[in-house]
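Subject: Handover of a structure and the findings from it

Dear colleague,

Please find below the structure that I am passing on to you. My notes on it follow, arranged by topic.

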Amino acid sequence: MDTHMLMLGKNKFFYLFALMIIVPCLKSYAGQLELGARTAIDYYNVEVESLQLGSINENVTKYGLNLSSEFDSKKADIKATAAYSYITHSETDDAKEKFFNYNLSSELKIIGDSLKLLNSKSLSQRVSSSQQGVFSDEIVGSENLVDVNSTSSSLIYSIPNPRVIRLNANLSYKSTKADSLEDSATPQQSSALLNTDTSSFSLFVGSGSSPRAVNWGINMGSSTSERGESLNTYKTNFLSANLAVGFNPMLSWVSNASVNKNELDGGGFIGEQDLNFTQLGTGLEWSFIRDSSLSIFAKTSKSGEQERRNYIAGEFNWVLSKRTSLKLSVDRNQFGETYGFNFQLANRYIQSSANYREGIDINSNQSSAFSTELNDEVVRVNNGFFNLTYDNLRKVKISARVSYSKQESLEQTQSINSNRKTNGLSLSLQYQLSRKSSFNASFRQNDILYFIPEGSVLNVNERKDENQSLSFTLDTKLSRRLNSKVELSKRKRISNELNADTADNRINLSVSYQY
């Protein structure tokens, strides 16, 4: 890690920590301040197998210090955490490494719950490219980590009593910057693309919550993302309006209209695509039970300079209870037919959820545990997942997750990671052995295909990575403040890329003390 950046991060942290804690304390006397600290020593025996680097067997020791602070009052809620790690390796060239990260967040209630100011700032280390190793961390593959600085502010306003009219407004700013990865094997893998400042505004105004025959709503928003020197500024604007006239408590006539614009300054979409989209629709909505409805629309839409299309769209929303709901939708967007799906189920022991969506987004917003890309290209996305959890509220908790995602870059300037399909599976078991000890097992598998779309200017071959992780952990509470952990884990990657196969086996012994 860069020493100058490390010291700069520390200085910023302590300055902001003092500012966010001391100032509210001076102004809000009726508040509660909680401080916490935790120290830990971790010992690792690591065996690394790599076709490129050969075999490495080494011992790694990690010394960790974590600090936390929380201030809570009627006017402000402020949280701060910081973590410092000092790591020694017995065999590798980087025998000593230091890592520092922090997270600061505050919520200031300016006018009760109506006007709020939210701020956050963080420094963290993230994997610069999924192709360089999704399992890279402080212990193995730390050369693939880069510092990421994030800052965000939001001013949120809502009408306190929305019975007559509802109004919600949000003005926000977010800045995300990543250090360049030194000695990057491929220029396209560099994290220098992540240097984004985004300003956005959204407003919703509509009829209030009290029952009425005519309901209406107008939703609008605008966003501008300045993405450093290598990518053009990305702008989005949207406007939608909805009008519903009730014939009786069960049947309503509904009309809606929307405009969605996506633009790059100076152009830059593949094939000079026009991604602006307009839509008009009218139809009927049948409310068959409370909060549940079936809607059928006749719609017309226009994408860019293409001919206008007429089609039938629909939405089914079924709320069985406060914990169980199902929503289905069929519509169109810039690329053709689009489908939406959302499912929630929860009872005393079982929780389940599923979701599927399609749209346009920025690449870095599509991060997952296995596929974290540090660039902000505009991409077309298709994401879906299914979660299932069993918890008997005493000893056993079992969870499973299946996920799928596909994203394709819409820009002429592309990185090699932006076009990919990902299939994921994760399983976990938590078992409470006794009042003071628990056993945990987890398995994750993720297959990533980096594909080459038609018309791409990238001169590379398609790549497929199979990533697997398996771990077994025993946690024991030795006393009120002293804890221990024993963990056995295995990680591996199998790839069709030359010399990209890797594997590491770890034994981890840890002792921590909570002050």
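Which residue does the side chain of Asp291 meet in a salt bridge? The partner is Arg290, with 3.9 Å from N to O. Please note that the model is a predicted one.

**Salt bridges**

In total, the count comes to eleven salt bridges. Another of them brings together the side chains of Asp331 and Lys299, at 2.9 Å from N to O. Asp331 belongs to strand β15 (residues 325-333) and Lys299 to strand β13 (residues 292-303), so this contact ties together parts that are 32 residues apart in sequence. Lys299 has a relative accessibility of 8% and therefore counts as buried.

A further salt bridge links Arg506 with Asp504, whose closest N and O atoms are 2.9 Å apart. Are these two residues buried or exposed? Arg506 is buried, as its relative accessible area is 5%, and Asp504 is buried with a value of 6%. The two are also part of a network: salt bridges with shared partners join Asp137, Asp504 and Arg506.

**Ser292 in strand β13**

Strand β13 also holds Ser292. This residue is buried, with a relative accessible area of 2%. Ser292 and Lys327 are 35 residues apart along the chain, and their C-alpha atoms are separated by 9.4 Å.

**Strand pairing: β3, β4 and β5**

Strand β3 (residues 76-89) and strand β4 (residues 96-111) run antiparallel and are joined by 13 bridges. Within this pair, Ile87 stands opposite Glu97 of β4. On to the next strand: β4 pairs with strand β5 (residues 115-127), again in the antiparallel sense, over nine bridges. Here Leu104 has Lys121 in β5 as its bridge partner. The hairpin of β4 and β5 has three residues between the strands, and in it Gly112 takes a positive phi near 50 degrees.

Strand β8 (residues 195-207) and strand β9 (residues 214-226) pair in the antiparallel sense, with ten bridges. Strand β9 is in turn joined to strand β10 (residues 234-246) by twelve bridges, and these two strands run antiparallel as well.

Ile218 can be followed through both pairings. In β9, Ile218 is the bridge partner of Val205, while Ala241 in β10 is the bridge partner of Ile218.

Which backbone angle deserves a look at Leu393? Leu393 is not a glycine, yet its phi is positive, at about 65 degrees. The residue sits in the loop between β18 (378-391) and β19 (396-409). With a relative accessible area of 52%, Leu393 is exposed.

Asn499 is also not a glycine and has a positive phi of about 60 degrees. Its place is in the loop between β23 and β24 (502-514). Asn499 is partly exposed, its relative accessible area being 36%.

**A positive surface patch**

Which residues form the positive surface patch? Arg435, Lys436, Lys477 and Arg480 make it up. Of these, Arg480 lies in the loop between β22 (463-477) and β23 (482-495). Arg480 counts as exposed because its relative accessibility of 66% is over the cut-off of 50%.

**Points to view together**

- the network of Asp137, Asp504 and Arg506, joined by salt bridges that share partners;
- Ile218, which has bridge partners in Val205 and Ala241;
- the loop residues Leu393 and Asn499, each with a positive phi;
- the positive patch that includes Arg480.

With kind regards

Methods: Residues are numbered from 1 along each chain as its sequence is written. This is a predicted model: local features need pLDDT of at least 70, side-chain atom pairs count only at pLDDT 80 or more; totals for chains, interfaces and linings use all residues. Side-chain values use heavy atoms; hydrogens and water are left out. Patches are made of residues with over 30% relative accessible area and no salt bridge: like charges are joined within 9 Å, nonpolar side chains (Val, Leu, Ile, Met, Phe, Trp, Tyr) within 5 Å. Accessible areas come from the Shrake-Rupley method with a 1.4 Å probe; for residues, only the protein chains shown count as cover. A salt bridge is a side-chain nitrogen of Lys or Arg within 4 Å of a carboxyl oxygen of Asp or Glu. Lys and Arg count as positive and Asp and Glu as negative; His and the chain ends are not counted. The place of a charge is taken as NZ of Lys, CZ of Arg, CG of Asp or CD of Glu. Helices (H or I, at least four residues) and strands (E, at least two) are DSSP runs, numbered from the N terminus. Buried means under 20% relative accessible area, exposed over 50%, partly exposed in between (1.4 Å probe, protein chains only). Two strands pair if DSSP finds at least two bridges between them.
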